[in-house]
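Subject: Structure handover

Hi,

Here is the structure I promised to pass on. Please open it first, then read my notes below.

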Protein chains: 2
Amino acid sequence: MGDRKELTAAMFIGVRGDGMISFGSGQPDLPPPREVYQILPDYTGFKYGLVQGQENLREALARQYPRSTAESFVITNGASEALDLALRSIAWIRQKKGDHRPKCLLCRPYYYSYLPLVRYAGFEPVFTDLVDGRIVPEDFQAKVRDCRVVLINSPSNPTGRVEAIETLKAIEKITEDLGIYILSDEVYKDLIYVRENYLLKGPHVVTINSFSKTFAMTGLRVGYLWSLDTELVRTVIEMKSHTSMNTSIIAQEMAYTATTVPKSYMDEQLKVWEARRDLIYEGMAAIGLDLWKPEGAFYVLPRIEDPADFVWDMFTDHKVITYLGEWFGAPDRVRFSYALDVDKIEEGLARVDRYLKHRAKHRVK
Amino acid sequence: MGDRKELTAAMFIGVRGDGMISFGSGQPDLPPPREVYQILPDYTGFKYGLVQGQENLREALARQYPRSTAESFVITNGASEALDLALRSIAWIRQKKGDHRPKCLLCRPYYYSYLPLVRYAGFEPVFTDLVDGRIVPEDFQAKVRDCRVVLINSPSNPTGRVEAIETLKAIEKITEDLGIYILSDEVYKDLIYVRENYLLKGPHVVTINSFSKTFAMTGLRVGYLWSLDTELVRTVIEMKSHTSMNTSIIAQEMAYTATTVPKSYMDEQLKVWEARRDLIYEGMAAIGLDLWKPEGAFYVLPRIEDPADFVWDMFTDHKVITYLGEWFGAPDRVRFSYALDVDKIEEGLARVDRYLKHRAKHRVK
């Protein structure tokens with residue numbers, strides 16, 4: 001077995017190779033709607049755009065969000081930049097008030113970028129542990145009092161869980177009462193199998209979203225944030241005018257055309273994802289793995305003994321890429337993305353089954 | 001006259017309107033080479049790219065930089081993100097060594113984003129004042145000893161000056177001796193009227209560059225950093241994997257085609273810029289303004305009495321956009337970008353001349 005650090009790099013790059021099956025990277029495998037490419041042949045733009053984002057795109061988004069105008073949005077280089085700018089801007093606002101080490105509440109397991117983003121921005125992370133992949137309101141309430149900001153991610157990467165609407169409403173209330181910012185990462189809002197998305201609302205809510213998952217535009221990098229907190233939006237725009245300026249104007253124009261795609265596109269996509277979800281969930285249950293049924297997004301996070309051995313052995317000996325739960329704050333689990341064809345999911349599951357049976361048989365007790 | 005804050009916003013947005021002449025924004029007005037658009041009709045990409053940047057683009061750049069491989073580059077959302085990531089990464093590296101408030105040396109006047117970027121990243125800014133738009137080696141040497149990083153920008157925005165090669169070599173030596181990072185912002189490297197660009201070299205040099213000025217691709221947002229400091233490059237990639245992920249793959253592909261454009265394109269551009277430079281420099285000298293002769297980039301920074309009144313009056317009463325020198329650390333000056341047609345430059349200069357003559361005549365002594 002090679003060096004695990006190098007292997008990690010290879011896995012992240014997404015080594016394909018002959019017969020490689022990747023449950024690794026969280027990106028849709030199906031192409032974006034064809035409308036997205038229709039503007040390209042005649043495209044001639046090259047000048048700076050507004051730092052806040054192109055007006056046509058923000059106006060289209062304003063029609064999707066209640067009580068909004070184009071002024072409530074900032075278009076960003078993917079949801080990643082929206083999260084980074086929101087965290088940095090909150091830290092900047094707090095710093096001006098003399099608060100140099102504010103606390104940020106994370107629900108654990110968390111998306112693996114949250115922890116570094118929170119630390120880069122100068123926050124001290126505080127954790128509330130999910131139970132069965134869901135927020136425990138009592139623990140949340142106890143921990144949040146000390147914090148200036150909380151990150152919510154429903155549907156969640158990596159758990160695949162969707163929070164109950166009552167929980168989300170309770171979170172709205174307590175954070176509003178305490179004047180705490182919520183960053184609500186809703187990038188999987190159009191990939192929910194159990195209900196419609198519930199948009200978190202409140203005076204200090206910052207909703208993070210993206211064209212990456214809904215429209216399979218990951219590499220094009222168009223995300224956005226939405227907030228009715230005008231001080232925050234102003235701070236984000238000012239910061240972005242120095243840290244990256246406008247998001248690429250051609251990618252924004254492609255994103256704008258995505259907003260004109262009929263809703264039936266999303267319905268069709270959801271059917272594909274749901275079939276895959278059923279396949280991997282039932283397949284893993286049949287293998288005997290302990291996992292939560294995914295309600296949204298496209299991940300499962302089964303509990304697996306000796307997860308590090310599992311991940312490296314599957315990669316090096318069985319050509320299956322999976323991600324260590326540890327990277328997501330879940331050290332006894334392994335993350336599988338099911339953004340791949342059903343026949344590949346089946347073959348991948350078969351390899352996992354063979355490996356686990358073999359390991360169980362030959363293990364020194 | 002309206003509220004000056006609103007006016008600033010209007011000026012930055014680049015209000016055109018009938019008869020408006022903008023010496024404001026620093027963006028080329030001539031379109032990019034047509035090769036840049038040739039890939040668009042058949043473009044079908046959508047998946048994540050490497051966070052470090054597309055391989056074809058980094059390999060093309062490696063052929064332009066001495067002792068380089070594709071590994072020495074990170075492709076970014078314009079030079080802005082390259083600067084931001086480099087500063088944050090250096091601050092992060094220093095923080096791990098227990099240095100929580102490192103100092104960064106800036107040459108004043110400076111590009112207006114430098115100061116906020118330095119502050120956002122947690123540095124304390126230190127200034128060395130340029131004399132006749134040039135670094136004074138003795139003052140530089142005295143100030144730099146205390147710093148962990150220094151920002152060099154030759155050709156300079158806003159001064160239009162190019163540093164002497166001996167000065168740059170002296171800076172290389174002293175920073176190398178002291179183990180100090182140089183961030184060398186060379187985005188105007190292909191717009192120098194007096195000599196070839198001198199690429200700053202050294203173990204801790206981070207060169208910032210962009211396709212925005214050379215190829216008029218400002219709004220598409222493709223920049224990069226180059227460094228032989230592997231710890232720094234690694235830290236930047238790790239950080240970018242969380243803060244924005246890959247730079248838009250379609251914009252990178254357009255930038256790649258720009259690298260295939262024959263050198264004659266740049267030569268032709270340079271002739272256009274040089275004619276404009278001569279026109280504005282001689283025109284301002286004829287008006288009697290005190291300014292430095294631009295040696296690169298496309299800005300002049302004349303000394304103007306009561307610069308705030310000048311900027312607002314020219315905007316509101318004479319439809320001429322200029323930027324306050326104060327935004328660039330030069331409170332007794334005004335910045336003019338000459339990225340516009342010669343007939344507009346002439347008309348703009350005529351308006352400035354009329355205004356200044358009128359003001360001189362009616363001024364209360």
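Let me start where the two chains meet. Between chain A and chain B there are 2 salt bridges. One such salt bridge links the side chains of Asp84(A) and Arg88(B), at 2.8 Å from N to O. Please keep in mind that this is a predicted model.

Polar contacts also cross the interface. The rule finds 28 residue pairs of this kind between chain A and chain B, both residues being at pLDDT 80 or more.

Now the extent of the contact. Chain A contributes 53 residues, and chain B contributes 53 residues. Together the two chains bury about 4300 Å². Carbon and sulfur atoms account for 59% of that area. Three residues stand out on the chain A side: Phe46(A), Tyr120(A) and His242(A) supply 20% of the area that chain A buries against chain B, more than any other three residues.

Next, the sheet in chain A. It is open and has 7 strands, in the order S2-S8-S7-S6-S5-S3-S4. The pairing is mixed. Strand S2 (73–76) and strand S4 (124–129) of chain A are the edges, each pairing on one side only. The twist from one strand to the next averages 20°. S2(A) runs antiparallel to strand S8 (residues 223–227) of chain A, and 4 bridges join them. Thr76(A) has Gly223(A) as its bridge partner in S8(A).

Two helices to look at here are H2 and H7 of chain A. Helix H2 (residues 55–62) of chain A packs on the sheet and touches S2 and S8 of chain A. Its direction makes about 125° with that of S2(A). H7(A) also packs on the sheet, touching S2, strand S6 (181–185), strand S7 (205–210) and S8 of chain A. The direction of H7(A) makes about 30° with that of S2(A).

Finally, chain B. Its open sheet has 7 strands in the order S2-S8-S7-S6-S5-S3-S4, with mixed pairing. The edge strands are S2 (73–76) and S4 (124–129) of chain B. S2(B) pairs with strand S8 (residues 223–227) of chain B in the antiparallel sense, over 4 bridges. Val74(B) has Leu225(B) as its bridge partner in S8(B). Helix H5 (residues 137–144) of chain B packs on this sheet, and its direction makes about 160° with that of S4(B).

Best wishes

Technical notes. Residues numbered from 1 in each chain as written. Chains lettered and ligands numbered in written order. Predicted model: local features only at pLDDT ≥ 70, side-chain atom pairs only at ≥ 80, totals over all residues. Heavy atoms only, no water. Pairing = 2+ DSSP bridges. Contact = heavy atoms within 4.5 Å. Axes fitted to C-alpha atoms, helices over the stretch in contact; angles between N-to-C directions. Buried area = accessible area lost by both parts, 1.4 Å probe. Salt bridge = Lys/Arg side-chain N within 4 Å of Asp/Glu carboxyl O. Polar contact = N/O pair within 3.5 Å; in protein donor to acceptor, adjacent residues only side chain to side chain.
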